[in-house]
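Trainee: I'd like a close look at one part of this model. Please take me through the charged pairing in detail.

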Amino acid sequence: MHGVGVGRGIAAGKALRMPDRLTPPTDAPLEGDAEGEVQRATDALHQVAGDLMSRGETVGGEAQDVLQAAALMAQDPALADDVAARIRAGVNAEFAVQEAFGQFKQMLVALGGYMAERATDLDDVAQRVIAQLRGVPAPGVPMSDEPFVLIARDLAPADTATLDLDKVLGLVTQDGGPTSHTAILARSKSITAIVGVPELLDKVSDRQLIIADARSGEVTLDPTAEQQEAAEAERIKRAEVANAPITPGALADGTPVQLLANVGRPEEAAAALELGAEGVGLFRTEFLFLDSKTPPTVEQQTEQYAAMLRAFEGKKVVVRVLDAGADKPLAFLNDDDEENPALGLRGIRALRANEKVLRDQLQALADADAATDADLWVMAPMIANAEETEYFVTISREYGLKTVGAMAEVPSIALQGSQVLERCDFVSIGTNDLTQYTFAADRLLGTVAQFQDPWQPAVLRLVGMLGDAGAAADKPVGVCGEAAADPALAAVLVGLGVTSLSMSAAALGDVRAELKSVTLEEARERAARALTAVDAAEARRFAAGA
Ligand code: PEP
Ligand code: MG
């Protein structure tokens, strides 16, 4: 089976399925003996309280306090009385538990503060009691004494965030895509994960042996002993690579690929440097002024830009001038109502319409540059053609800015790559918007999310055209969209001619490790295979050689 791998880990072990959420009990009238039903409910409450207590003792620490508090809820005499009274009034135990806990929850919410925060814990306890009454497994991450690979339809963010990483070797879900919350959390916690595996729940049963290889997105059921040994060897090898000392980004054959960080404020610099960022590939300056009603002054801006440049002394820092509009409106740049703001006066178009704002920003960048020792590059968002490139380069040079480039986010620019590169010093591809505009699919809209995938061969083709144009002009072509953070895709991008990759700093380690495992020739082969695919899923598979 195949899905979308997150990161590049590999997990092998027994599968454990996360039970689906319970269907809510209905208020079917009680048919049997009320006292027998009260006893059944009392037993279930005791059983759940006991389970929670003993689980708490096993895990210890802070989790023990949480589990003990939950056990106390299940033992609460007022709740037990309420459940009994409801049963005696003629409903079944499951429904009585749901109603009694529900009412208690409302009371806690009304009290506010700390008590209100505990209210959702009651839901969890109620679900456990109802599961006990039905004789089915309790919902939530299953408990196990031995490590396991967790199988789920999808995980709630709270489940993903609190996974016991000593027990959960990896995570495989049927739902979810590369930008789902499960994938994002798994990436940030470095959990080996594969999401979006069709028919997963029909095919995997509890305790079945499974190998999940996030790098290829491949899920193997009932592996042979040899496959298991190979997976274990691979796991050790990858762990070694992941823990390897931080070195400059390079392929296995030594071809350098600069690995840079995407940042929004100077405070993020330290963490990015610690993770080995060789500089900044995208400083989203608009993030500094999202709440400003009036344009920031030259001095205010100089201070922020100088702080960033100082943090990256001696390194490259690519600053993007304000990208206002669509999902990131700035009050002082976007004051018109537009029916389709993503297609309107955004990015360089908004700046050109308010040239004073652009000039102030360029002045602030020049001042910050003069006061610091980083290698400042500036670029403009949403450049659509050679004329806009020329406009931005000319005006930037007026302020003495030396390295000036264009972001490639609108497909038209890829179709005229050589004319654009003739007029500027570099191109940086924003794959998030490039994908949105190539597919005419709003990047914020869940209903068209299937298009918002940079593995789409049409997007890869545009990247390849820009890569070729960059090589012909002997000028750098980077990628600074989310695509650069996907290790397998990063290698394909390099194969398409991309010379630097900029990403959220958390992704640097995985991308660095993946690049180290491929030569330029292999990266080109992967890219060539991906380009022949009909869709994103096939491109992923073809690139992996499957
Ligand atoms: C992009 O569009 O890929 C990009 C890097 O810019 P942003 O995500 O800020 O629009
Ligand atoms: Mg963009």
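Which residue forms a salt bridge with glutamate 234, and how far apart are the closest N and O atoms?

Mentor: That's lysine 237, with the closest N and O atoms 3.7 Å apart (the cut-off is a Lys or Arg side-chain nitrogen within 4 Å of an Asp or Glu carboxyl oxygen). This is a predicted model, with local features needing pLDDT of at least 70 and side-chain atom pairs 80 or more, while totals use all residues. Numbering starts from 1 in each chain, chains run from A and ligands from 1 as written, and side-chain values use heavy atoms, without hydrogens or water.

Glutamate 234 is buried at 18%, whereas lysine 237 is partly exposed at 48% (buried is under 20% relative accessible area, exposed over 50%, partly exposed in between, 1.4 Å probe, protein chains only).

The whole structure has 29 salt bridges. Take arginine 443 and aspartate 433, at 3.0 Å from N to O. Arginine 443 lies in the loop between α17 and α18 and aspartate 433 in α17, so the pair ties together parts 10 residues apart in sequence. Arginine 443 is partly exposed at 27%, but aspartate 433 is buried at 2%. Both belong to a salt-bridge network that also links Glu286, Arg320, Asp323, Lys328 and Arg346.

Key:
Helix = DSSP H or I, 4+ residues; strand = E, 2+ residues; numbered from the N terminus.
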